[in-house]
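Open the model in your viewer and keep the selection tool ready.

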Amino acid sequence: MCSSDLAKQDFEEVHLGDLASPLVAQRMPFWQVMDTDINVWTDQKARFTAIVGLGHADRVPDQDGNPSGALSLLHRVGTDRFAICLERGAENPGWLTFNPQMPASLESLYRTVPVVGENHWATPLVGFEIEGWTGNLAGGKNVAIVDSGTSMMGVPSSVLYEMTDLINTIDSDCKNLEELPDLIFKIGQHSFTLPPSAYVLKVSSTISDGTTFNSCIPAFMGVDMQTPEGQVWILGMPFLRSHYTVFDRTAKQLHIADQGQGCEPVKEEFMVFGFLNPDGLAKPTA
């Protein structure tokens with residue numbers, strides 16, 4: 001057991017699912033946080049008790065990003081693929097599926113893109129457009145990280161500046177949602193559409209007399225990060241609420257389909273859109 005003033009390493013038997021699940025990791029190492037100044041924990045607003053990494057490498061990276069001696073959780077439980085889909089609709093759940101079935105009859109629903117780098121679910125981003133407004137804003141070499149742990153869409157600050165006109169067009173009263181353009185991400189050889197109902201957050205606020213107000217804000221944040229694969233973008237929870245995504249460790253690929261009702265993979269013409277709440281949950285527009 002290793003320890004410090006801030007964290008302590010220990011070991012535990014981990015079951016993915018209930019106690020009857022065959023996905024079990026014996027003596028899985030983990031770090032217990034003993035002391036922290038991270039606001040989301042110190043102000044008791046956190047809705048989680050653990051952060052679990054689901055990378056594609058067989059071994060957990062160390063603090064410098066190099067493979068350590070510890071085998072990853074997914075490797076220990078024999079999981080080569082997993083899928084993430086976050087349902088739309090108020091208070092609806094998200095789904096994490098281990099070893100999802102991908103029968104040949106459904107293969108046409110998915111668009112497959114390569115994974116680059118050693119530690120992240122990153123894929124080459126070759127283009128970004130605001131439909132009807134602006135051509136390719138993703139100049140130079142770029143990489144997009146698909147990340148369920150990021151609640152917003154991470155955009156390089158230089159591109160975020162170019163999006164100022166779009167951001168200023170979003171009415172705070174949410175009245176012009178249907179007039180806003182789609183965002184188009186060109187990843188690998190495929191294009192993926194993000195509708196305004198996915199990149200606009202609907203925020204509810206209640207004042208002292210009990211009156212509730214709704215307002216809309218853009219779901220973007222600035223990211224300034226470079227990797228050997230290029231400038232970093234982050235396709236966070238808004239992307240996963242529009243797309244059913246399979247993370248393939250063996251092939252080092254992402255298989256991405258559009259999302260239908262109940263987090264089922266569908267073709268784009270069957271997609272259903274809805275507002276996003278500030279906690280990441282979607283609220284239907286109809």
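The stops below cover a predicted model.

**Stop 1: a pair of rings**
Start with the aromatic residues. The structure holds nine aromatic pairs. Select Phe128 and Phe185. Their ring centres are 4.9 Å apart and their planes meet at 40°, so this pair is tilted. The cut-offs explain the label: under 30 degrees would count as stacked, over 60 as edge-to-face.

Phe128 belongs to strand 8 (residues 122-130), and Phe185 belongs to strand 11 (residues 183-187). The pair therefore ties together parts that are 57 residues apart in sequence.

**Stop 2**
Select Phe82, Trp121 and Phe247. They form one aromatic cluster. Arg27 lies over the face of the Phe11 ring, 4.0 Å from the ring centre.

**Stop 3: strand 9**
Select residues 142-146, which make up strand 9. Five of the five residues are buried, so the rest of the structure largely encloses this strand. Look at which way the residues point. Asn142, Ala144 and Val146 point one way, while Val143 and Ile145 point the other way.

**Stop 4: the neighbours of strand 9**
Bring strand 8 back into view. Strand 8 pairs with strand 9 in the antiparallel sense, over three bridges. Which residue of strand 9 is the bridge partner of Ala122? Pick Ile145.

Finish with strand 17 (residues 230-235). Strand 17 and strand 9 pair in the parallel sense over five bridges. Select Val146, and you will find Leu235 of strand 17 opposite.

Notes
Residues numbered from 1 in each chain as written. Predicted model: local features only at pLDDT ≥ 70, side-chain atom pairs only at ≥ 80, totals over all residues. Heavy atoms only, no water. Phe/Tyr/Trp six-rings, centres within 6.5 Å; stacked < 30°, edge-to-face > 60°. Helix = DSSP H or I, 4+ residues; strand = E, 2+ residues; numbered from the N terminus. Lys NZ or Arg CZ within 6 Å of the ring centre and 35° of its normal. Buried < 20%, exposed > 50% of the residue type's maximum accessible area, 1.4 Å probe, protein only. Pairing = 2+ DSSP bridges.
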